[in-house]
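Please look over the sequence and the model below before reading on.

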Amino acid sequence: MERRKLGRQGLEVGALGLGCMGMSEFYGPSDEAGSLATLDRALELGVTLLDTADMYGPFTNEELLGRALRGRRERVVLATKFGNRRSLDGAFLGICGTPDYVRQACDASLRRLGVEVIDLYYQHRVDPAVPIEETVGAMAGLVKAGKVRFLGLSEAGAATIRRAHAVHPISALQTEYSLWTRDPEEGILPAVRELGIGFVAYSPLGRGFLSGRYRSAEDLAPTDWRRLNPRFQGDNLVRNLRLLERIEALAREKGLTAAQLALAWVLARGQDIVPIPGTRRRARLEENAAAAAAALTPADLARLDEAAPPGAASGTRYPEAGMKAVGL
């Protein structure tokens with residue numbers, strides 16, 4: 001698989017990564033054996049960037065990756081995140097970016113992952129009560145201590161990114177980006193490109209919607225978080241299905257699945273962008289990985305821009321409470 005650089009500090013990964021959140025939570029019942037098999041196959045296919053967070057599970061997703069990586073740590077670029085605090089029973093306790101918490105969270109993640117160093121350590125959400133300079137200062141201390149190699153931010157606004165980067169080089173900014181979430185094109189992508197920061201696109205398949213698998217609430221498990229997502233509900237869903245149909249039609253013309261076309265589009269947006277589609281199934285992983293070899297012409301990209309222009313998706317990408325924590 002093609003390799004891409006994230007930032008200017010030496011971080012290099014496969015062009016397509018793997019988001020691991022859904023292996024433990026949020027998208028219905030988990031399947032540990034299936035997830036481990038998928039992680040095995042990801043490494044075989046040249047996927048090197050594995051993305052997790054302490055809050056996924058909570059905590060169990062990091063433990064899953066720790067088991068999967070025993071004996072082959074050197075083959076993986078391991079990314080995890082801190083900042084979204086949860087209790088053992090899963091309750092959300094708010095966002096925390098205090099220096100003491102940064103250090104505690106890192107040590108806990110290292111234990112769960114069973115590794116000596118985290119390759120890419122993100123602040124999952126910006127804590128509005130703590131100056132970003134203090135949080136990133138503590139993160140920089142982890143680099144100096146040899147516990148972390150590279151630093152990242154997730155869902156931070158352009159001004160915050162600039163302030164953070166002035167304290168310590170930020171190698172990657174992770175934000176939702178896909179054919180139905182093109183918001184980063186307005187301010188985030190120009191800012192990170194000016195600063196030489198790589199861009200990691202999470203949910204590049206619109207939380208699976210752009211795969212075409214989910215056309216009604218009945219297609220989602222009763223415990224699936226997407227049932228609460230405004231884009232999967234009511235009139236928003238009806239309008240978004242029309243968007244999906246346009247993408248599916250273009251995919252058929254190219255001999256691709258809708259998911260492959262959507263991923264190929266993200267990959268074509270720049271050599272500094274690495275999408276991390278999530279799945280716990282080998283077949284979906286293989287389908288997604290094949291997108292790395294799909295070539296889109298300028299005419300293809302123009303037609304996709306027409307079919308899915310910025311703002312085409314109906315509904316916010318998180319419920320109201322979730323939207324308050326992004327772009328800070």
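What follows is a short report on a predicted model.

Because the model is predicted, local features need pLDDT of at least 70 and side-chain atom pairs count only at pLDDT 80 or more, whereas totals for chains, interfaces and linings use all residues. Residues are numbered from 1 along each chain as its sequence is written, and side-chain values use heavy atoms, with hydrogens and water left out.

**The sheet**

Strands of a sheet pair through backbone hydrogen bonds, either parallel or antiparallel. Here an open sheet of eight strands runs in the order S3-S4-S5-S8-S9-S10-S11-S12, and its pairing is parallel. Strands (E, at least two residues) and helices (H or I, at least four) are DSSP runs numbered from the N terminus, and two strands pair if DSSP finds at least two bridges between them. Strand S3 (18–19) and strand S12 (273–276) are the edge strands, each pairing on one side only. S3 is joined to strand S4 (residues 49–51) in the parallel sense over two bridges, and Leu18 has Leu50 in S4 as its bridge partner.

**Aromatic rings**

A pair of aromatic rings is described by the distance of the centres and the angle of the planes. Rings of Phe, Tyr and Trp (its six-membered ring) pair if their centres lie within 6.5 Å, and planes under 30 degrees apart count as stacked, over 60 as edge-to-face and the rest as tilted. The structure holds seven aromatic pairs. In one of them, the ring centres of Tyr177 and Trp265 are 5.4 Å apart and the planes stand at 50°, so the pair is tilted. This pair links distant parts of the chain, 88 residues apart, since Tyr177 is in the loop between strand S10 (172–176) and helix H6 (188–195) while Trp265 is in helix H8 (residues 258–267). Both Tyr177 and Trp265 are buried, where buried means under 20% relative accessible area, exposed over 50% and partly exposed in between (1.4 Å probe, protein chains only). Together with Phe199, Tyr177 and Trp265 form one aromatic cluster.

A charge sits over a ring if NZ of Lys or CZ of Arg is within 6 Å of the ring centre and within 35 degrees of the ring normal. Arg226 lies over the face of Tyr27, at 4.1 Å from the ring centre, and Arg231 lies over the face of Trp180, at 5.0 Å from the ring centre.

On a 1 Å grid over the protein atoms alone, a cavity is a set of points where a 1.4 Å probe fits but cannot get out, while a pocket is an open set with protein on both sides within 12 Å along at least five of seven lines; lining residues have an atom within 4 Å of a point. Grid points are joined across faces, edges and corners, and a volume is the space filled by probe spheres set on the points. The structure holds two cavities of 30 Å³ or more.

| Space | Volume |
|---|---|
| Second largest pocket | about 150 Å³ |
| Largest cavity | about 50 Å³ |
| Second largest cavity | about 40 Å³ |

Helix H3 (99–113) and strand S6 (84–86) each supply at least two residues of the lining of the second largest pocket, and H3 gives the most, with five residues. The largest cavity is lined by Leu250, Glu253, Lys254, Leu261, Asp300, Arg303 and Leu304. In the lining of the second largest cavity, the largest share, three residues, comes from helix H9 (residues 282–290).
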